[in-house]
Amino acid sequence: MNILERDPSDPRRKPMNPGLKFLLELGPGLVFFFTTIRGEWLAEKFPVLSHLGEPILIATAFFMVATALSLSASWLLTRSLPLMPLVSAIVVFVFGALALYLQDKTFAFMKPTIINALFGVTLLGGLAFGRSLLGYVFDSAFQLDAEGWRKLTFRWGLFFLFLAVLNEVVWRNFSEATWLYFKVWGTIPITLLFTFSQMPLIMRHSLEEKPKEEKAGN
């Protein structure tokens, strides 16, 4: 049995509702945010959590659990594991375990940098070998021609690298609280704005739009 999700062009691929897919990917980040804010309260109510360390380390442990639950939900719904979230989970588990074991918050701060840089390099590297891997991210949300996928993959590859650099700038130059709020309430709006800015490209290369254009030409 194939554990990883199939290629987007594979007819045997079982698509997931885009809204649910987005919720499963966003959920662990929200858990991390709210657990960090309420970390001291949680440690008071459940003293065993104090052994994990300060609030951001408690949140890291919760984030690891939430990530595992998200992947489990994806498996139950599609009987496969989404590739990009799986890669993210591996980084989360490795850096989270190091942060907890060494009691070092630096690993928590650097995790978004590593994940975004890895995605950026993977997408751009895939293009270098003639493969547009962005279809794994958007699942069945878009149906584009080959040129559209190449252009969109290139832009998203650069955008992921931009997010990696931005995370480094924020955590190294601002307070922990600023980084935390930026991680959720800054990164998400920036990503949404970037996504919406790509709609003209998506519409131009959408396979669904081409029959209408040809019909109009006739």
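## Surroundings of Thr-153

Leaving aside neighbours within four places in sequence, Thr-153 is in contact with Leu-123, Leu-127, Ser-132, Leu-133 and Leu-134, where contact means heavy atoms within 4.5 Å. Thr-153 belongs to helix α7, which spans residues 146-173, and helices here are DSSP runs of H or I with at least four residues, strands being runs of E with at least two, numbered from the N terminus. The relative accessible area of Thr-153 is 0%, so this residue is buried; buried means under 20% relative accessible area, exposed means over 50%, and partly exposed lies in between, with a 1.4 Å probe and protein chains only.

This is a predicted model, in which local features need pLDDT of at least 70 and side-chain atom pairs count only at pLDDT 80 or more, while totals for chains, interfaces and linings use all residues. Residues are numbered from 1 along each chain as its sequence is written, and side-chain values use heavy atoms, with hydrogens and water left out.

Once its neighbours within four places in sequence are set aside, Gln-198 is in contact with Leu-152, Arg-155 and Trp-156. For Trp-156, which is 42 residues from Gln-198 along the chain, the separation of the two C-alpha atoms is 9.5 Å.

## Helix α3 and two residues with positive phi

Helix α3, made up of residues 55-78, has 24 residues and reaches 34 Å from its first C-alpha to its last, close to the 34 Å expected at 1.5 Å a residue; the expected span is 1.5 Å times one less than the number of residues in the helix. The residue that follows α3 is Arg-79, with a positive phi near 55 degrees.

Arg-79 is not a glycine, although its phi is positive at about 55 degrees, and its place is the loop between α3 and α4 (83-102). Arg-79 is partly exposed, as its relative accessible area is 45%. Gln-103, in the loop between α4 and α5, likewise has a positive phi of about 55 degrees without being a glycine, and Gln-103 is partly exposed, with a relative accessible area of 42%.

## Packing of α5 against α8

The axes of helix α5 (residues 106-128) and helix α8 (residues 176-197) come within 12 Å and cross at roughly 35 degrees, the axes being lines fitted to C-alpha atoms over the stretch in contact, with angles that run from 0 to 180 degrees between N-to-C directions. The crossing of α5 and α8 is left-handed, a term for a near helix turned anticlockwise from the far one by less than a right angle, whereas clockwise is right-handed.

On the α5 side the contact is made by Ala-108, Phe-109, Lys-111 and Pro-112, and on the α8 side by Glu-176, Trp-179 and Lys-183. By class, this contact has four nonpolar, no polar and three charged residues, where Ala, Val, Leu, Ile, Met, Phe, Trp, Tyr, Cys and Pro count as nonpolar, Asp, Glu, Lys and Arg as charged, and the others, Gly among them, as polar.

## The chain as a whole

The secondary structure of the protein chain comes to 10 helices and zero strands. Of the 218 residues in the protein chain, 42% are buried, and 73% of the contacts with a separation of 6 or more are accounted for by residues 24 or more positions apart. The protein chain exposes about 12200 Å², of which carbon and sulfur atoms supply 68%; accessible areas come from the Shrake-Rupley method with a 1.4 Å probe, and for residues only the protein chains shown count as cover.
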